[in-house]
Amino acid sequence: MVAVCTTLWLPHRSFEPLSAAAPQSAGGPSNGLEILEVRPSFFVIAGAGANVGVQVGDDGVVVVDAGSAASAPAVLTAIKRISSKPIRYVIDTGPDADHVGGNEALSKAGEKLFGGSNFGGGAPNAADSVAPILSAEGVLRHLATSPAGGWPTEVFHYSRKYMYLNGEAIEVLHQPAAHTDSDVLAFFRRSDVVVAGDVLDTRQFPVIDVERGGSIQGEIAALNRLVDLAVPSVPVVTREAGTIVVPGHGHLCDQYDVVEYRDMVTIIRDRVRDLIKAGRSLTEVKAAQPAKGYMGRYGNQGGAWTTDRFIEAIYRSLAREKS
Ligand SMILES: [Zn+2]
């Protein structure tokens with residue numbers, strides 16, 4: 001059986017499902033997960049809670065977002081199908097459980113690159129026998145109440161962390177106060193892939209977690225950063241080329257998709273801001289339906305992230321800014 005990845009396609013571009021290139025396996029998706037070859041050096045695993053980015057090469061495997069805890073065994077199986085090399089890094093794009101839940105399992109299955117701190121025959125350093133977990137500092141703060149196993153082991157609080165692995169530059173770019181206060185974009189410069197995490201969710205309006213430091217202005221700034229990092233297929237638009245942007249959830253995007261999503265979020269923000277300027281209360285703002293025109297595509301009446309909650313998050317972050 002050949003896995004045909006229907007949920008992740010960029011509609012106008014064709015990607016190779018891994019099973020077509022993995023004759024040694026039984027074929028088909030790994031335990032319900034879909035594996036997509038985005039570039040020869042870069043894969044996306046879908047169906048594990050959040051989209052999981054997998055960069056491969058001679059150095060080993062770099063994973064961006066571990067997926068949920070429940071999916072971790074299946075994610076590990078999928079990664080083994082992509083590469084026989086060890087996991088060298090796990091990068092968290094944010095603190096949500098569907099992104100960090102698999103941290104511990106993936107880290108333990110991995111191995112630090114150039115561990116080697118037991119020269120001289122001393123006891124092996126436990127930190128060398130696992131893959132480091134890298135994130136913005138805030139992820140560690142948000143996870144402080146959960147068991148220590150899956151906590152990030154390398155955190156940073158500046159705007160850009162960089163590495164050079166598997167023959168390419170990897171930039172981990174902190175976007176302050178967007179979905180939360182600890183979101184990063186992971187940009188693989190040679191693969192020309194950006195993993196965006198929860199600042200981009202093509203299934204719905206972006207989740208803005210005001211309690212954990214998210215804000216509408218930071219969300220729009222993060223989307224603008226994505227637009228700036230990505231290059232579309234111009235001047236030859238018919239070519240299947242251009243930067244691939246991997247959202248936290250939903251289908252793969254090119255720059256045009258991100259521009260459209262950014263414009264949508266900006267238009268709704270502007271409408272809410274105008275209503276606030278006109279002195280409307282939160283109830284009145286909601287009643288005015290500032291997300292009109294986009295609710296069919298991105299809105300939710302029920303579930304964890306309703307249209308009302310999105311509007312409320314915009315209202316609250318704009319009100320906080322004023323005060
Ligand atoms: Zn998410």
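Q: Which residues of helix H9 are buried?
A: This is a predicted model, in which local features need pLDDT of at least 70, side-chain atom pairs count only at pLDDT 80 or more, and totals for chains, interfaces and linings use all residues. Residues are numbered from 1 along each chain as its sequence is written, and side-chain values use heavy atoms, with hydrogens and water left out. Helices (H or I, at least four residues) and strands (E, at least two) are DSSP runs numbered from the N terminus, and buried means under 20% relative accessible area (1.4 Å probe, protein chains only). In H9 the buried residues are Thr307, Phe310, Ile311, Ala313, Ile314, Tyr315, Ser317 and Leu318.

Q: Which residues does isoleucine 268 touch?
A: Contact means heavy atoms within 4.5 Å. Leaving aside residues up to four places away in sequence, isoleucine 268 touches Phe205, Pro290, Ala291, Tyr294, Phe310, Ile311 and Ile314.

Q: How are H5 and H6 oriented to each other?
A: Their angle is about 155 degrees, with axes (lines fitted to C-alpha atoms over the stretch in contact, angles running from 0 to 180 degrees between N-to-C directions) 9 Å apart. Angles over 145 degrees count as roughly antiparallel. H5 and H6 are therefore roughly antiparallel.

Definitions and conventions:
Buried < 20%, exposed > 50% of the residue type's maximum accessible area, 1.4 Å probe, protein only. Parallel < 35°, antiparallel > 145°, perpendicular 65-115°, else oblique.
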